[in-house]
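Subject: Structure for your review

Dear colleague,

Please find the structure below, followed by a summary of what was found in it.

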Amino acid sequence: MRSTASVSGYLQLTKRSTDDVMKGSAFLTDALLDPATSHSEEPSDSPCLRILKTKSYFDYLYAPGNEYQSVRFQAAMGHVASAENSTVISGGFPWETLPEGTKIVDVGGGVGTACQEIMKKNPLLKFTVQDIPSVIGQTNAVSSSTLMPSFDLLTVGSQYWNQYEPKAIEDGQVTIQAHDFFALQPVKDADIFLLRSILHNWSNSKAIEILKRLREVAFPGKTRVVVMDAVIQHACPVDREQIGRESGIAFEGPDGRSEVPAGLLSNLGRAEAKKYLLDML
């Protein structure tokens, strides 16, 4: 059982987190009406970050004093990943066609939940899981607190893989690596860079920066980028074949015509609200 002081501290952290969100929503009108920020792609110009005064939400999460918010965020992402249909990850790309020893780099992959799903059906592939060093840097601050568990990427990543694939890290099939995807990419011989639920967090200009770092180390005809993310659908019926002809963009997959029964919005409205909320955030 927590001490009275621990409970008090926990409640203060929870209240602080809620207050931050409420303050951010209060700045929505200001951000939209301010000519300097209304059409800005900089994360720091968003309503939330106007009050948090950081360059990105992740800078805020891993800043000293925000350990509760950081751990809560990591826990939330873990539950989101576990709630996903695993076939989306393992079946969304023909991993089974890759030769033995193919090197897959999961950029911003946390502890490697996506790679673990892929590895279940493709045990001869090799994986490098990357996430930001800030997660590692906060270890001492978190572990010194009685309010929350430690979240050290290398430690937790090793524990995760030891639970599901005990020999994976020891045998070198899986590597957990600290890396900021805005910095120079340290892996120079990747066959595939996997970006799962990463690009939706960033504006177009920032997404281009992320992809440029991968392009710098890519080999033409060898290195591929696999993006797994939500696609924002139109609320009205759309003929993707016509859009493709007009834009010169080829859409793969279903023929693109809405299969939603007449009378319903083509994007299924509230039922598909999650990806629109992510886009707004």
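With which residue does Glu117 form a salt bridge? The partner is Lys120, and the closest N and O atoms of the two are 3.3 Å apart; a salt bridge is a side-chain nitrogen of Lys or Arg within 4 Å of a carboxyl oxygen of Asp or Glu. Both residues lie in helix α7, 3 residues apart, which is about one turn of the helix. Helices (H or I, at least four residues) and strands (E, at least two) are DSSP runs, numbered from the N terminus.

Before going further, please note that this is a predicted model, in which local features need pLDDT of at least 70 and side-chain atom pairs count only at pLDDT 80 or more, while totals for chains, interfaces and linings use all residues. Residues are numbered from 1 along each chain as its sequence is written, and side-chain values use heavy atoms, with hydrogens and water left out.

Salt bridges

The count of salt bridges comes to 7. One of them joins the side chains of Asp189 and Lys103 at 3.2 Å, N to O. This pair links distant parts of the chain, 86 residues apart: Asp189 is in the loop between β3 and β4, and Lys103 is in strand β1 (residues 103-106). Asp189 is partly exposed, with a relative accessible area of 41%; buried means under 20% relative accessible area, exposed over 50%, and partly exposed in between (1.4 Å probe, protein chains only).

Lys222 forms a salt bridge with Asp191, with the closest N and O atoms 2.8 Å apart. Lys222 lies in the loop between α11 (204-215) and β5, and Asp191 in the loop between β3 and β4, so the pair ties together parts that are 31 residues apart in sequence. Asp191 counts as buried because its relative accessibility is 19%, whereas Lys222 is partly exposed at 36%.

Nonpolar core

The largest nonpolar core has 22 residues, and Trp95, Ile104, Phe127, Trp161, Val174 and Leu194 have the most contacts inside it. Such a core is a set of buried Ala, Val, Leu, Ile, Met, Phe, Trp, Tyr and Cys residues joined through side-chain atoms within 4.5 Å. Helix α7 gives the most to this core, with 4 residues. Apart from this core lies another, of 14 residues, including Val187 and Phe193.

Yours sincerely,
A colleague
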